[in-house]
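The tour below moves from one selection to the next and describes what is found at each stop.

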Amino acid sequence: MTTPRRTQQERRDQASAALLEAAAELVVEEGVRAVTLARVGERAGYSRGLVTHHFGGKQALLEQLARTTQTGFVPGLDTLPPGLDRLLRLIDGYLSRLSDSDVLSRAFLVLWAESMTLRELAPIFRERDTAFRDDLRQEITAGITEGTIRADVDPEQIAVAIVGQLRGIALQCLLDPAAVKPSELCCCAAEVWKRALS
């Protein structure tokens, strides 16, 4: 029995995924400065030329890695209506995901931390954090509208506080995994926000 040949698009998608995975591994192991097109290609089993063909340059590769690592961070949110329940599920899901040893999730956190000092990363992560706060703000606003969140809550400020809490826990987990147990924090964090907002 012969194996069906993959389409050109399938081969392209597989190569892109392998290159992003290789870049993520380098970020986690050695930081952003270790990421070169040659090293990414070599680690993924491809040439540097293929990395350039897919992404153009290091900046575009890092931008795509940042977007890919945050996409679908909390699966299943689409099945819930906007509001408090979905907000709490997002918080719970974010923290649950930290328990995974997924290299893409860890790469996102390393990239985010390094964006504080690397000018080329800062715009990418300002954009990602703005989008995250916007999503949270929409959930909070929907909760106020439906009456599950207090009307006197400032959606903008609460969104900033939630991102701060989640990113802070994530960075602690990355720095000292033995000391931080995200799975144990899930219920605690969601309950704190439920009490604070209801």
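Where is V180 found? Select V180 to begin: this residue sits in the loop between α8 (155-175) and α9 (182-197). Please bear in mind throughout that the model is predicted.

Is V180 buried or exposed? Its relative accessibility is 12%, so V180 counts as buried, the cut-off being under 20%. Display the surroundings of V180 next. With neighbours within four places in sequence left aside, the residues in contact with V180 are I169, Q172, C173 and L185. V180 and S99 are separated by 81 residues in sequence, while the distance in space is 9.5 Å.

**Second stop: the whole chain**

Zoom out and colour by secondary structure. The protein chain comprises 9 helices and 0 strands, and the order of elements from the N terminus is α-α-α-α-α-α-α-α-α. Along the principal axes, the C-alpha atoms fill a box of roughly 55 × 45 × 30 Å. The chain has 198 residues, of which 42% count as buried. Of the contacts between residues at least 6 apart in sequence, 67% join residues at least 24 apart.

Select S16, which belongs to helix α1 (residues 8-30). The relative accessible area of S16 is 18%, and this residue is buried. Which residues does S16 touch, not counting those up to four places away in sequence? They are H54 and F55. Show the side chains of S16 and H54: a polar contact of 2.8 Å joins them.

Two packed helices are described by the angle between their axes and the distance between the axes. Select helix α2 (residues 37-44) together with helix α3 (residues 48-55); their axes come within 7 Å and cross at roughly 110 degrees. Angles of 65 to 115 degrees count as roughly perpendicular, and α2 and α3 therefore have that relation to each other. To view the contact itself, show L37, A38, V40 and G41 on α2, and R48, V51 and T52 on α3. Sorted by class, the residues of this contact are 4 nonpolar, 2 polar and 1 charged.

Now select α6 and α8. How many degrees lie between the axes where they cross? The crossing angle is roughly 105 degrees, and the axes come within 10 Å. Helices α6 and α8 are therefore roughly perpendicular to each other. On the α6 side, the contact is made by R106, F108, L109, V110, W112 and A113; on the α8 side, by R167, A170, L171 and L174. By class, this contact of α6 with α8 has 8 nonpolar, no polar and 2 charged residues.

R167 has a relative accessible area of 1% and is buried. Which side chain makes a polar contact with the side chain of R167? The partner is Y94, at 2.8 Å.

The structure holds 2 aromatic pairs. In one of them, Y94 and F132 are stacked, with ring centres 5.8 Å apart and 10 degrees between the planes. Y94 belongs to helix α5 (residues 84-97) and F132 to helix α7 (residues 122-146), so this pair ties together parts that are 38 residues apart in sequence. Both Y94 and F132 are buried.

Next select F108 and F125. The ring centres of F108 and F125 are 5.3 Å apart and the planes stand at 50 degrees, so this pair is tilted. F108 lies in helix α6 (residues 103-114) and F125 in helix α7, so the pair ties together parts that are 17 residues apart in sequence. F108 is buried, at a relative accessible area of 1%. F125 likewise counts as buried, at 2% relative accessibility. To close the tour, return to the α6 and α8 view, where F108 is among the α6 residues that make the contact.

Notes. Residues are numbered from 1 along each chain as its sequence is written. This is a predicted model: local features need pLDDT of at least 70, side-chain atom pairs count only at pLDDT 80 or more; totals for chains, interfaces and linings use all residues. Side-chain values use heavy atoms; hydrogens and water are left out. Rings of Phe, Tyr and Trp (its six-membered ring) pair if their centres lie within 6.5 Å; planes under 30 degrees apart count as stacked, over 60 as edge-to-face and the rest as tilted. Helices (H or I, at least four residues) and strands (E, at least two) are DSSP runs, numbered from the N terminus. Buried means under 20% relative accessible area, exposed over 50%, partly exposed in between (1.4 Å probe, protein chains only). A polar contact is a pair of N or O atoms within 3.5 Å; within protein, one must be able to donate a hydrogen and the other to accept it, and residues adjacent in sequence count only if both atoms are side-chain atoms. Contact means heavy atoms within 4.5 Å. Axes are lines fitted to C-alpha atoms, for helices over the stretch in contact, and angles run from 0 to 180 degrees between N-to-C directions. Angles under 35 degrees count as roughly parallel, over 145 as roughly antiparallel, 65 to 115 as roughly perpendicular and the rest as oblique. Ala, Val, Leu, Ile, Met, Phe, Trp, Tyr, Cys and Pro count as nonpolar, Asp, Glu, Lys and Arg as charged, and the others, Gly among them, as polar.
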